[in-house]
Amino acid sequence: MKIISVICFTSILISSPSLAQFSQKENDLISAYQRATDDAGKIDALDELAEYYYIYKLEKKADSILQVQLSIAELSNDKDLIFKTLFSNAILNINSWTGIETFDRTTKFIEKGLNYAKESGRDDYMALAYIRMANILKKRGLYDNAIQQATLAFSSLGNIPSDSLRTILYTELGDIYKEKGGVVPAYKNYNNAFDIAYKLKNTALESAVYHNYASLYQSLGDNELAKENLKKSLALNSSGNNTEGLLKDYIALARLTDEKQYIEKAYHLADSIHSEKYRLFSKRLMFTYYMVKEGNSAATFDYFYKNEDLLQSYKNSGISYFYWTLGNIYRYSNQPDSAIHYYKFAETELEKIYSDKNTRLIIYLGLADTYYYYYTRDNTTEAIHYYEKAYAVAKELNSLNNLTAITSALAVLYARQSNFKQAYDFAQQETHYKDTLQKLAAQRDVVRLEVDRENKRHEKDMQDLADKTLRKRNLQYMAITIVLAILFLLMLIIGMFPVSKFTIKLLGYFAFISLFEFIIVLIDSFIHRLAHGEPLKIWLIKIGLIALLVPFQHYLEHGLIKFLASRKLIAARNKFSLKKIWLNIKQPSSKAGTDIDEDTAVL
């Protein structure tokens with residue numbers, strides 16, 4: 001059956017006109033699969049194709065590609081290929097606006113990977129499967145279940161020396177606590193992740209943790225500290241020439257600051273490295289910028305329809321989501337009648353597709369707010385209907401900000417209908433939620449102080465670690481310097497005795513090799529900064545240095561060996577021997593005694 005499924009898939013790729021018309025990129029990926037001569041090449045090509053489908057919101061197609069990948073890997077009986085397929089990064093492209101079916105399929109796929117890891121006795125892959133399961137559960141709003149999966153990941157890691165996995169696990173656990181409202185435990189987990197990444201000198205992981213810090217500060221309402229952490233990440237990725245990290249920095253800064261320049265930088269960088277994923281992501285951000293920030297439906301639609309790949313990705317998300325997007329365009333451009341028209345088209349299907357409470361709250365609030373601000377007497381009933389639905393979901397989520405806004409709107413709407421009892425009840429609830437928010441704001445200030453204390457303690461620990469590392473490095477430099485000085489002094493001492501020319505050459509060779517390698521070590525960090533971490537530039541600079549240093553080394557080595565082999569040091573040793581110096585020191589005192597004796601005799 002597995003062989004048949006692979007054959008069927010191949011025939012679909014060859015014959016399907018809809019796939020061929022989707023984009024040139026898709027055709028290229030299919031051609032790469034068809035040209036592949038071995039299983040590893042086929043799996044690599046299919047992995048790219050699966051990710052491409054996920055990027056363009058074709059989750060069902062992506063899932064079918066993953067199944068074909070798995071069939072090929074299992075038929076090959078190659079464990080590495082099976083693990084590569086089961087733990088593909090393609091599935092990481094799903095987000096919270098993913099439908100129930102996709103979440104379920106992804107969960108089952110992760111479970112397959114977990115079971116295979118257990119059968120193979122691979123604790124590291126077991127831990128990774130638990131981390132991915134925790135991530136999926138977090139996106140669905142099931143935070144307690146997500147924490148359980150993270151705990152299982154820690155148990156699986158045990159004593160495995162996989163620091164990069166531990167970093168990912170700590171950041172995932174921190175994200176779960178942050179979403180759940182536990183700011184301090186979230187921050188502590190981020191600190192643990194950063195400490196490991198810092199010790200590893202892993203730019204990508206350090207940058208990721210800076211983004212976590214930024215997200216946490218943003219949740220506390222401190223956008224300046226959030227921006228400061230993103231700027232740290234930007235500086236780190238710039239010095240390390242981490243292109244993907246820079247893309248993430250620009251995107252995060254664009255979302256935080258609403259500044260168009262960051263979106264443009266992200267797009268141009270993504271385009272320069274031909275990254276379909278980040279190029280499309282940048283276009284989505286620009287589309288949102290036109291829609292929300294500028295609020296001009298004409299400009300937004302112009303951008304939307306001019307970028308066919310962007311348009312295609314929204315269409316691929318389903319007709320209901322596409323209509324919802326059209327409704328958003330009209331809503332933010334203050335055209336509520338058109339917004340409601342498209343929202344109503346989307347509503348029923350969206351409720352079927354999205355089961356998580358956060359997404360449903362967004363849907364109900366979108367409809368309710370539009371009806372509320374587009375006031376006519378007929379719309380009041382509809383606005384109340386959707387606010388009541390939003391109110392029920394917000395109470396389940398304990399979303400106080402939304403509850404305050406919802407109860408305020410319901411109080412006004414019931415007053416419009418002259419239902420003063422209900423208006424009064426919701427006005428009272430609004431007061432209650434406002435008071436609760438004020439108390440929470442005070443508590444949030446306390447939490448922020450606690451986070452600041454934790455931050456200062458962590459910064460001190462990191463500074464102590466940096467100082468310790470610097471001392472250790474300086475001691476090593478000093479030790480090398482002393483060893484080299486002793487080595488050259490030893491050569492001079494040996495040169496004072498009759499030794500073979502071969503011995504002198506051998507010592508000279510190792511002495512100068514050690515000296516010039518030490519020079520390279522001293523300037524290595526400067527070279528990396530100069531080349532911005534680019535291997536090609538570092539390679540060329542070092543070739544140039546070696547081209548200069550090698551002749552100089554040969555010249556000095558030849559001169560020293562010639563001097564040592566000339567026996568001049570032996571002559572110097574005979575002329576200025578310690579024994580002669582000692583006798584010269586002793587001789588004047590004996591002469592002085594003799595002179596005194598002679599003088600005394602004369603007297």
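Me: Is aspartate 369 buried or exposed?
Reply: In this predicted model, aspartate 369 is buried, because its relative accessible area is 18% and the cut-off for buried is under 20%.

Me: Which residue does aspartate 369 form a salt bridge with?
Reply: Its partner is arginine 331, and the closest N and O atoms of the two are 3.5 Å apart. The pair links distant parts of the chain: arginine 331 belongs to helix H19 (residues 319-332) and aspartate 369 to helix H21 (residues 357-373), 38 residues apart.

Me: How many salt bridges does the count come to?
Reply: The count comes to 17 salt bridges. One of them is formed by aspartate 44 and lysine 84, with closest N and O atoms 2.4 Å apart. Aspartate 44 lies in helix H4 (residues 39-55) and lysine 84 in helix H6 (residues 79-86), so this pair ties together parts that are 40 residues apart in sequence.

Me: How accessible are those two residues?
Reply: Aspartate 44 counts as partly exposed at 32% relative accessibility. Lysine 84 also counts as partly exposed, at 42%.

Me: What does arginine 279 form a salt bridge with?
Reply: It forms one with aspartate 271, and the closest N and O atoms are 2.6 Å apart. Arginine 279 is buried, with a relative accessible area of 16%, whereas aspartate 271 counts as partly exposed at 32%.

Me: Let us turn to helix H8. How many of its residues are buried?
Reply: Helix H8 is mostly covered, with 14 of its 17 residues buried.

Me: What span should helix H8 have, and how far apart are its end C-alpha atoms?
Reply: At 1.5 Å a residue, the 17 residues of helix H8 (residues 123-139) should span 24 Å. The end C-alpha atoms are 25 Å apart, which agrees.

Me: Which glycine follows H8?
Reply: Glycine 141 follows H8, and its phi is positive, near 85 degrees.

Me: Which residue other than glycine has a positive phi?
Reply: Lysine 201 is one of them, with phi near 55 degrees. Most residues other than glycine have a negative phi. Lysine 201 is found in the loop between helix H11 (183-200) and helix H12 (203-219), and it counts as exposed at 56% relative accessibility.

Me: What about asparagine 241?
Reply: Asparagine 241 is another residue other than glycine with a positive phi, near 55 degrees. Its place is in the loop between helix H13 (223-240) and helix H14 (243-257). Asparagine 241 is partly exposed, with a relative accessible area of 35%.

Me: Now the whole protein. How many helices and strands are there?
Reply: The protein has 28 helices and zero strands. Of its 603 residues, 42% are buried.

Me: How much accessible surface does the protein have?
Reply: The accessible surface comes to about 32,800 Å², and 57% of that belongs to carbon and sulfur atoms.

Me: And what share of the contacts join residues at least 24 apart?
Reply: Among contacts between residues at least 6 apart in sequence, 60% join residues at least 24 apart.

Terms used:
Residues are numbered from 1 along each chain as its sequence is written. This is a predicted model: local features need pLDDT of at least 70, side-chain atom pairs count only at pLDDT 80 or more; totals for chains, interfaces and linings use all residues. Side-chain values use heavy atoms; hydrogens and water are left out. Helices (H or I, at least four residues) and strands (E, at least two) are DSSP runs, numbered from the N terminus. Buried means under 20% relative accessible area, exposed over 50%, partly exposed in between (1.4 Å probe, protein chains only). Contact means heavy atoms within 4.5 Å. Accessible areas come from the Shrake-Rupley method with a 1.4 Å probe; for residues, only the protein chains shown count as cover. A salt bridge is a side-chain nitrogen of Lys or Arg within 4 Å of a carboxyl oxygen of Asp or Glu. The expected span of a helix is 1.5 Å times one less than its number of residues.
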